[in-house]
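Please look through the sequence and the model, then follow the account below.

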Amino acid sequence: MGDRANVVIKNGDEEVFLYTHSEGHDLPSVVSGALALKQRWDDPQYLARIVFTHMTQGSNSLKDTTGFGISATMGDNSYPLIVLDTVKRELRFEEEDRSRVLKQMPFEMAAKKLAWPKEEK
């Protein structure tokens with residue numbers, strides 16, 4: 001069983017997905033920590049590396065063949081997508097099917113504190 005989630009690094013029409021198999025519950029906090037560095041927000045290659053480094057920090061999974069992944073398509077998922085748009089310099093929580101934005105904010109705000117959006121009832 002896993003706790004799967006994805007971060008999408010978006011630059012115009014191009015995207016890369018960063019996947020965690022078992023740390024999904026903590027992913028908003030991890031992404032916030034990466035953005036708090038206030039570095040390379042408009043550089044998708046480096047921002048992806050910074051976020052992925054924060055995702056894998058402290059994990060022994062780097063020596064394993066499972067746990068984290070990088071892909072051009074979405075991996076398994078249990079949460080809304082965390083989309084980091086480097087052109088707009090904003091973070092969005094989007095439904096998995098990309099049909100709806102649940103919450104959005106500038107990187108500056110997301111760097112302070114971030115949590116999964118509460119479900120609407």
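Which residues do ring pairs link into a cluster? The cluster consists of Tyr79, Phe93 and Trp116, joined by ring pairs. The model in which they are found is a predicted one.

**Overall architecture**

Three helices and six strands are assigned in the protein chain. Their order along the sequence is β-β-α-α-β-β-β-β-α. The C-alpha trace spans about 35 × 35 × 25 Å along the principal axes. For 121 residues, a compact globule would have a radius of gyration near 14 Å, and the 13 Å of the protein chain agrees with this.

Of the 121 residues, 43% are buried. Among the contacts with a separation of 6 or more, 51% are made by residues 24 or more positions apart.

**Surface and charge**

The protein chain has an accessible surface of about 7,200 Å², and carbon and sulfur atoms account for 47% of that area. Its charged side chains comprise 16 positive and 19 negative ones, with 6 Å between the centres of the two sets.

**Aromatic pairs**

A pair of aromatic rings is described by the distance of the centres and the angle of the planes.

| Pair | Distance of centres | Angle of planes | Arrangement |
|---|---|---|---|
| Trp41 and Phe107 | 5.6 Å | 75° | edge-to-face |
| Tyr79 and Trp116 | 4.6 Å | 15° | stacked |

The planes of Trp41 and Phe107 stand at 75°, so this pair counts as edge-to-face. Trp41 is located in the loop between α1 (27-35) and α2 (44-56), while Phe107 belongs to helix α3 (residues 107-110); the pair thus links distant parts of the chain, 66 residues apart. Trp41 counts as buried because its relative accessibility is 7%. Phe107, with a relative accessibility of 1%, also counts as buried.

Tyr79 and Trp116 form a stacked pair, with 15° between the planes. Tyr79 lies in the loop between β3 (68-71) and β4 (81-85), and Trp116 lies in the segment after α3, so the pair ties together parts that are 37 residues apart in sequence. Is Trp116 buried or exposed? Residues under 20% relative accessible area are classed as buried, and Trp116 counts as buried because its relative accessibility is 18%. Tyr79 and Trp116 are also the residues that ring pairs link with Phe93 in the cluster described at the outset.

Methods:
Residues are numbered from 1 along each chain as its sequence is written. This is a predicted model: local features need pLDDT of at least 70, side-chain atom pairs count only at pLDDT 80 or more; totals for chains, interfaces and linings use all residues. Side-chain values use heavy atoms; hydrogens and water are left out. Helices (H or I, at least four residues) and strands (E, at least two) are DSSP runs, numbered from the N terminus. The radius of gyration is taken over C-alpha atoms; the globule rule is 2.2 Å times the number of residues to the power 0.38. Buried means under 20% relative accessible area, exposed over 50%, partly exposed in between (1.4 Å probe, protein chains only). Contact means heavy atoms within 4.5 Å. Accessible areas come from the Shrake-Rupley method with a 1.4 Å probe; for residues, only the protein chains shown count as cover. Lys and Arg count as positive and Asp and Glu as negative; His and the chain ends are not counted. The place of a charge is taken as NZ of Lys, CZ of Arg, CG of Asp or CD of Glu. Rings of Phe, Tyr and Trp (its six-membered ring) pair if their centres lie within 6.5 Å; planes under 30 degrees apart count as stacked, over 60 as edge-to-face and the rest as tilted.
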